[in-house]
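Here are a few notes to read alongside the structure. Keep the viewer open and find each spot as you go.

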Amino acid sequence: MTNRTLELVGPVAPQHRLDEAAVLSYLKRSVRNVPASADTLKISQFGHGQSNPTYLLELPSAHGSDPVRFVLRKKPPGQLLKSAHAVEREFQVLAALGSPAAGASVPVPSVHALCTDPSVIGTSFYIMDFVPGRIFTDPCLPDLLPAARTQIYSAMAGTLAALHSARLPQLQKDGFGRPDSYCRRQVERWAKQYEASVKCIGAEFREEDARMRGLIAWLRGNVPGEDAAAEGAMRGVVHGDFRLDNLVFHPTEPRVVAVLDWELSTLGNQMSDVAYCCLPYHLPPSQPGAMLPSLGVTQLPGGPPAGALPAGIPSEAQFVRTYCDEIQRLQGASLWPGDTWRFYVALSLFRGAAIFTGIYQRALQGNASSRRAGQAGRQVSGLIACALHVLHSPLSIPALPPPPVTSIRALGSGIAGGSAGGSAGGSAGSSSSLPVGLAPSPRAEALRRQVAEFIVQEVLPIEGILEAHVVGEARWSIHPVVEELKGKAQQAGLWNLWLPALDAGVPLTPVLRECQSRGLLGAGLSNLDYAHVCKEMGKSVWAPELFNCSAPDTGNMEVLLRYGNEQQQREWLVPLLEGKVRSCFAMTEPRVASSDATNIEARIESDGDHYILNGHKWWASGASDPRCKVAIFMGKHPERAAPSGKHNPHSAPAHRQQSMLLVPMDAPGVTVVRPLLVFGYDDAPHGHSEVLFEGVRVPKTSVLLGEGRGFEIAQGRLGPGRLHHCMRLVGATERAIECMLDRALSRVAFGRPLGGNESVVRDTAECRITLEAARLLVLQAAAELDARGNKEARIAIAMAKVAAPRAAQKVLDRTIQVHGGGGVSSDFPLARLWVAARTLRIADGPDEVHLASIGKKEFKDWKRRMGKGGVMARL
């Protein structure tokens, strides 16, 4: 089940009520950004979890939007076992991980204050940021499609590897824990905790107690020898309770934005975290009342039958392999648990049994934080049975690591099977020549061939007709052959191929289910697979529209898919998916440098249940198309922004001042002023237009995602859109080389074909090298986008966005030179392709912005690797 973090709160349990006045007074004294004038506080309690009571604190916002939210986490009341529920340790590790010195990107909430004075609310507590997002409480992820499940598990493995790569030497100096002999000490600690808890329960645990003591004896005798080491690989911060439902995922993207519940964190043997994270693979199918959800793939003697692993969920070996691959990438360390895995899994199950024994004991006292804690006693017997099953069953992962192609990344992008074959002709650019991991799946290769055949048979023969149409008097109308070919492409199943398999950020609304049943949601390709297909579309400027795969519609459809509500999807997304209407994106403005979205000057002013829009936009691609029916308009709320040079205490952060709204193009006040010329081309009937929005009135239901979320949407939209441009440019560059070869072999100058000229041969080789370098960067970026999500793939996308237009421009320039006068004419496609390539060095972010991001990341990574002492300190 998927829960939004705000859906997990409810009224405070009677035994956990807090003194609201005392909490508010403490917040005003101790937490920055809480105004002294704050006079009301709403307290709710999170119901998810079994350990430390956790509360949502809500204060009124200064500028009247969403309330300011914090989280308070405290020790439970009543008599507690020694060292249990140590919120002080949680605060200590969160503060350390949130500091730049950690050296790894571990998503944790920012902490603000720790209070150890029991006179405030009765126990120690700390205050941290509230992190909005999603929590998945069922490891089967039943609400998600298979590709989305893959992405979630990949993100979980990557986050755990990032945590285990953090450098926190200060924690060891501060006595946070000892990394040596961690597992041996864990066995003894939880054995002692179990002994203390079971004494208070009674004789009903006699049978479980005997089996538990046998398990403890086995663990004591089988601690791996590697556990004694104090240094080396897998020694560092251990979370202690790392599992899916302790992670907050981004509201719309498959990436972790916060790791929660650090009560058991310490320093030690990190492989124990990996095994604990894999417990759902070892638990029997969940029964009513079960507190530990399971993947349902393990059958215990006499228990319910096991089922198959849900589609998209990696096997245990695949998950562990992906974690180990991330560790190697981050640390350079090669590892695989092999035969020791049995011990680590059994230790995790034993620890769970000990913890649930304590929860049950606290439930008898009435001070456990979860309303379901009384069910804990029934869990102890099951966990002991699972541990004994692990001891007497074959090893659940291979003794040696599986091949890399069976990792989660391959599973998610559909590349495990490799390529079905090269492209026609077996050129240097064929898929068969690609490295493992970047080749298309067999299904994608079949679609690529279909698209290529469609373009050769249907599109290339009519390019001259379409070119003549768009320079004639009727150029702002749609040539009938376009709609005819769109129908053919849709009938052939080559429709909306840009649309990736719906991931974890896209809930299947009734509208989307209806679109899925009508075949409007594409072929479910990964970004990597689509890169191979999209390349073919790039060989003709007319082709993408025929497959409903052209910009800006693809980006706008993705915005509606990810951020639109059901009403917005039904009104605008459905006709766009059907190809019946087109759209434009109104963001860029003539008066400001719009590559910095915070510069946007267009105004969005509130007027009751409507907004009034005023703005001057240009380069709104598609606005002149007679089929363009809706614009996505980006503007700024003046009440959220401080006047220039002045301080406004009520202003929102610079990236929370903008919103995006859906604006019908026929709304009063919308005026398409003119199509702008691009190197003399007006790109009819599509156009790149100057548009005025003057007093345009739209209902507040037109806002996408929420007020102040425009910048967030822009970042989510631009990543895949930028990469789609790069994919098409690879195809355009490939066609340029084909044109150059054809021309060089057919034209004779000075008594021999141009292809016999040494300079042409050399230039052809340089063009191929240039294209292949760009193509591999584009494919790598697509693979990164599949495996790590938009945010983590941003540098790979930036590199592709710089490399692909440069490569296309260079190759097209040389091809034009080989064609002579014909190269700059409209008789060949080269001039139009060159214009598109040159334009894309500015559109969707200029080269300079992407280069700055890449360079800053290089410096940041170097500083992290070298530490404060620099290079000389390493010599």
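1. Start with helix H23, which covers residues 830-839; its buried residues are Leu830, Ala831, Arg832, Leu833, Val835 and Ala837. What do the buried residues of H23 pack against? Three helices: H13 (463-469), H20 (710-746) and H22 (794-819).

2. Now zoom out. Bear in mind that this is a predicted model. The protein has 25 helices and 21 strands. Of its 875 residues, 57% count as buried. The protein exposes about 35,900 Å², and carbon and sulfur atoms supply 55% of that. Take the contacts between residues at least 6 apart in sequence: 75% of them join residues at least 24 apart.

3. Next, have a look at Glu58, which sits in strand E4 (residues 54-59). Is Glu58 buried or exposed? Its relative accessibility is 13%, so Glu58 counts as buried, the cut-off being under 20%. The side chain of Glu58 makes a polar contact with the side chain of Arg69, at 2.9 Å. Leaving aside residues up to four places away in sequence, Glu58 touches Thr40, Leu41, Lys42, Pro67, Val68 and Arg69.

4. Then there's a helix pair to check: H12 (residues 442-459) and H16 (residues 527-537) pack with their axes 9 Å apart, at an angle of about 10°. H12 and H16 are therefore roughly parallel to each other, since angles under 35 degrees count that way. On the H12 side you'll find Ala444, Leu447, Arg448, Val451, Ala452 and Ile455, and they meet Asp529, His532, Val533, Glu536 and Met537 of H16. Sorted by class, this contact of H12 with H16 has seven nonpolar, one polar and three charged residues.

5. Most peptide bonds are trans. The bond from Ala551 to Pro552, though, is cis, with omega near 0°. Pro552 lies in the loop between helix H17 (543-546) and helix H18 (553-563). The bond from Ala684 to Pro685 is cis too, with omega near 0°, and Pro685 is in the loop between strands E18 (670-675) and E19 (688-699).

6. Last, check phi. Most residues other than glycine have a negative value. Ser181 isn't a glycine, yet it has a positive phi of about 50°; look for Ser181 in the loop between helix H4 (169-173) and helix H5 (182-198). Asn496 also has a positive phi, near 55°, and belongs to the loop between helix H14 (480-491) and helix H15 (510-517). With a relative accessible area of 0%, Asn496 is buried.

Terms used:
Residues are numbered from 1 along each chain as its sequence is written. This is a predicted model: local features need pLDDT of at least 70, side-chain atom pairs count only at pLDDT 80 or more; totals for chains, interfaces and linings use all residues. Side-chain values use heavy atoms; hydrogens and water are left out. Helices (H or I, at least four residues) and strands (E, at least two) are DSSP runs, numbered from the N terminus. Buried means under 20% relative accessible area, exposed over 50%, partly exposed in between (1.4 Å probe, protein chains only). Contact means heavy atoms within 4.5 Å. Accessible areas come from the Shrake-Rupley method with a 1.4 Å probe; for residues, only the protein chains shown count as cover. A polar contact is a pair of N or O atoms within 3.5 Å; within protein, one must be able to donate a hydrogen and the other to accept it, and residues adjacent in sequence count only if both atoms are side-chain atoms. Axes are lines fitted to C-alpha atoms, for helices over the stretch in contact, and angles run from 0 to 180 degrees between N-to-C directions. Angles under 35 degrees count as roughly parallel, over 145 as roughly antiparallel, 65 to 115 as roughly perpendicular and the rest as oblique. Ala, Val, Leu, Ile, Met, Phe, Trp, Tyr, Cys and Pro count as nonpolar, Asp, Glu, Lys and Arg as charged, and the others, Gly among them, as polar.
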